[in-house]
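Subject: Structure for you to look at

Hello,

Here is the structure I said I would pass on. Please open it beside this email and follow the notes below in order.

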Amino acid sequence: MSETIIKASRVGKLYNLEQGGKYYNLRDLIADSPKNVLNKYLKKKKSKKGNFWALKNVSFEVKKGEVLGVIGRNGAGKSTLLKILARIVPPTTGKISIKGRVASILEVGTGFHTELTGRENVFLSGAILGMRKEEIKRKFDEIVKFSDIGKFIDMPVKRYSSGMHVRLAFSIVVHLDPEVLIIDEVLAVGDIAFQRKSLKKMHSLAKDEGRTVLFVSHSMTAVDSLCDRVILLEEGRLVAEGKTRKVISEYMSDYVPEDEMPQIGKVKSRSGSGKVRLIDFWMEDENKKRISTAMTGGQCRFVFKFLCPNGKPQKDVDFGFGIANDVGQPLFLHYSTYTEQELGKCPVKGKFVFSFDKLPLAKGVYKMGMRVTVKGEEADVLPGAVNIKVDNGDFYKTGLIMDQSHSPMYVDGSWKFEK
Amino acid sequence: MNKAIISESNNGYNGELMDRKIVITPSKKPLDINWHEVFEARDLLYFLTWRDIKIRYKQTLLGVAWIILQPLVSMVVFTIIFGNFAKMPSDNIPYPIFVFIGLLFWNFFSSTLTSSSNSLVSNENILKKVYFPKMLAPISSTLAHIVDLAPTLLILFGLLLFYEVKITLSIVLLTPILLLMMFVFSLGIGFFLSPINAKFRDVRYILPFFIQLMMFATPVIYPSSMFGGTSQIIRVFNPVAEAIEVSRSGFFGTRPMDWPVFFASILFTIFVFFVGFYYFRKQEDTFIDIL
């Protein structure tokens, strides 16, 4: 139905660390050349020790109008893949075919020369990014308008503030109109207002104008809101591919370092009778995958594993937790009795699970305390036992990432104008 | 407004878009050049050249005046030192114009060679971030120096008038050919040296030294007659020497035109160009990783 725009098959990139990794001087070449000649003569194979596959056998397809995200840890090969797609470096193996005009934006302000004026840079950078002279002329006024540079357009860019610099550069980027856009983490520059503006523009480029976009980012929230599909790279290999949410949760769960997981067992300052003990805590996403970081506005589950040390089921158990900010100011708490869900009969072991439909916490680290009571008597109390990490997410379901740092909480609600 | 513009430009491109397909594969053959792509990048070539010209004299007090001052000042200095003190022979040509012709070709050659050899390193930030035919980097930085020629030629014209030299049709026709020869020669060396420079920054330090040495081997401040019997061989393998010789004898009729040497020198220039170009294309895929 929709045609394939990008098709990559078995793409690989080999780097030779021995030569590329350090500055290789003419002196080194001269010093090495007798050895090289000798090796050639003896038909010795080059040592494979210094070879490193930055990418290996990566195959994928992108359909017209699709936004594909590329995620992975540092060094997973994301940038290498991007550079190959942008034709900056050739692959060592494999083949990629792309249909249509391609614009790759690996940085904001490619080719900007600080000595030149804003006007001159619009033309220069536009041409470097693949625009024709006529096209730039035609769009010039619009570019300047979008950037809010105004009268400073004829000033050398070196006198611009960094904000102005980025705004001008970005407005050139959004006025390119290629069929295929390859974007690196350029969105992560500028202030929050600018990041929102650029993300919004990217959104409309992809969704409203039907561009095919390949987007590489470390920001799961940006990937989550922009991409239809995601591929996950690990050590140069494609390890997962599929729906954005699914792959992101896989990534988030698989790559949680042990020490970043909240550890309940190590908590010393606990009190209570000990009839019920909490032994583990973790967060899950809606698919019951463990996560180390929850997202603002996201569905998530807090799972508290417990057991009764004496091996006897307990009666009338109430469980609750409270969230406080990083300085200990309580924000909210929740007990199972609040929703009349007191456990009349509690088994010997199991899990208390609390589900958030929309996590109301803003980005940050929070302290969580827990308390279990049996017949009103404290059984296990862990004040401020674990830290919870929250990252920006789309709380209001507008397709945009919220990023407000003034308040730790979000609330639902709506606005109406009345006279 | 925005929408309208985008759809309009899409219409304009649709025809060529349908059949446009980029195929990315491991290294290509050096002479397998996508000429269509190079042609498409002509606006970029224009802007890169224009940038190099623009930034050269930015934030200088005298600005463009430097283009005129540079050859004038060196002419005066060279005339005083070599014409007056050292009493350098000049085939009975007035020394200022004698050395000016030498400097005209020499400066054009050395400045284009320096910037084309350095072009990959100086365009590093773009080459690493966006794709374009990489051969544009040396070409654009060489083209930028052609602009410098106009005022220099104007001064030459003034000097010729001052010394009441008869300007013949043949020299008017020959001068552009000679300049083109310099351009092709230095671009060829630049093609060869720029990938090496990307790999070994040593080139940057060797090159000025090499250029200085080569100037002594070129009849800039002395006449080519000083070479004696080896003159012809030197002129074939040093097209700069040949260009200067042809130009001087063309203006002043000191010697008849030596066509075989001239053509041999042109052939050598073309040979150097293709060797350089071939090497550049061969290295093209690897130097980005090293830059």
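**A sheet within chain A**

In chain A, 4 strands form an open antiparallel sheet in the order 11-10-13-17. Strands here are DSSP runs of E with at least two residues, helices are DSSP runs of H or I with at least four residues, and both are numbered from the N terminus. Two strands pair if DSSP finds at least two bridges between them. The edges of the sheet are strand 11 (290-291) and strand 17 (349-356) of chain A; each has a single partner strand, so one side of each is left without a neighbour in the sheet. Strand 17 of chain A runs antiparallel to strand 13 (residues 300-307) of chain A, and 8 bridges join them. Within this pairing, Phe302(A) has Phe354(A) in strand 17 as its bridge partner.

Before you go further, note that this is a predicted model: local features need pLDDT of at least 70, side-chain atom pairs count only at pLDDT 80 or more, and totals for chains, interfaces and linings use all residues. Residues are numbered from 1 along each chain as its sequence is written, while chains are lettered from A and ligands numbered from 1 in the order in which they are written.

**The two chains**

Chain A has 9 helices and 19 strands. Of its 419 residues, 41% are buried. A residue is buried if 20 or more other C-beta atoms lie within 10 Å of its own, exposed if 12 or fewer do, and partly exposed in between, with C-beta atoms placed from the backbone. Among contacts in chain A between residues at least 6 apart in sequence, 73% join residues at least 24 apart. A contact means that the C-beta atoms of two residues, placed from the backbone, lie within 7 Å.

Chain B has 15 helices and 1 strand. Its 291 residues include 37% that count as buried. The C-alpha atoms of chain B fill a box of roughly 70 × 40 × 35 Å along the principal axes.

**The domains of chain A**

Chain A is divided into domain 1 (4-10 + 57-254) and domain 2 (258-391); the bounds come from an automatic or database domain assignment. Taken over C-alpha atoms, the centres of the two domains are separated by 41 Å. How many residues of domain 1 of chain A are in contact with domain 2 of chain A? There are 5 residues of domain 1, and they are in contact with 9 residues of domain 2. On the domain 1 side, helix 8 (220-226) and helix 9 (244-254) of chain A each supply at least two residues. Helix 9 of chain A gives the largest share of that side, 3 residues.

Another open sheet has 4 strands in the order 2(A)-1(A)-4(A)-1(B), with antiparallel pairing. Its edge strands are strand 2 (51-63) of chain A and strand 1 (21-24) of chain B, each pairing on one side only. Strand 1 (residues 4-16) and strand 4 (residues 93-99) of chain A pair over 5 bridges in the antiparallel sense, and Gly12(A) stands opposite Thr93(A) in strand 4. Strand 4 of chain A also pairs with strand 1 of chain B, antiparallel and over 4 bridges. There, Ile98(A) stands opposite Ile22(B).

**Where the chains touch**

In total, 35 residues of chain B are in contact with 45 residues of chain A. On the chain B side, two or more residues come from each of helix 1 (2-18), strand 1, helix 3 (42-56) and helix 15 (287-290). Helix 1 of chain B gives the most, with 7 residues.

**The nonpolar core**

A nonpolar core is a set of buried Ala, Val, Leu, Ile, Met, Phe, Trp, Tyr and Cys residues joined through C-beta atoms within 7 Å. The largest one has 161 residues, and those with the most contacts inside it include Val70(A), Phe215(A), Phe105(B) and Met182(B). Helix 5 (residues 95-117) of chain B provides the largest share of this core, 12 residues. Leaving out residues up to four places away in sequence, Met182(B) touches Phe105(B), Phe108(B), Phe109(B), Val240(B) and Ala243(B).

Regards
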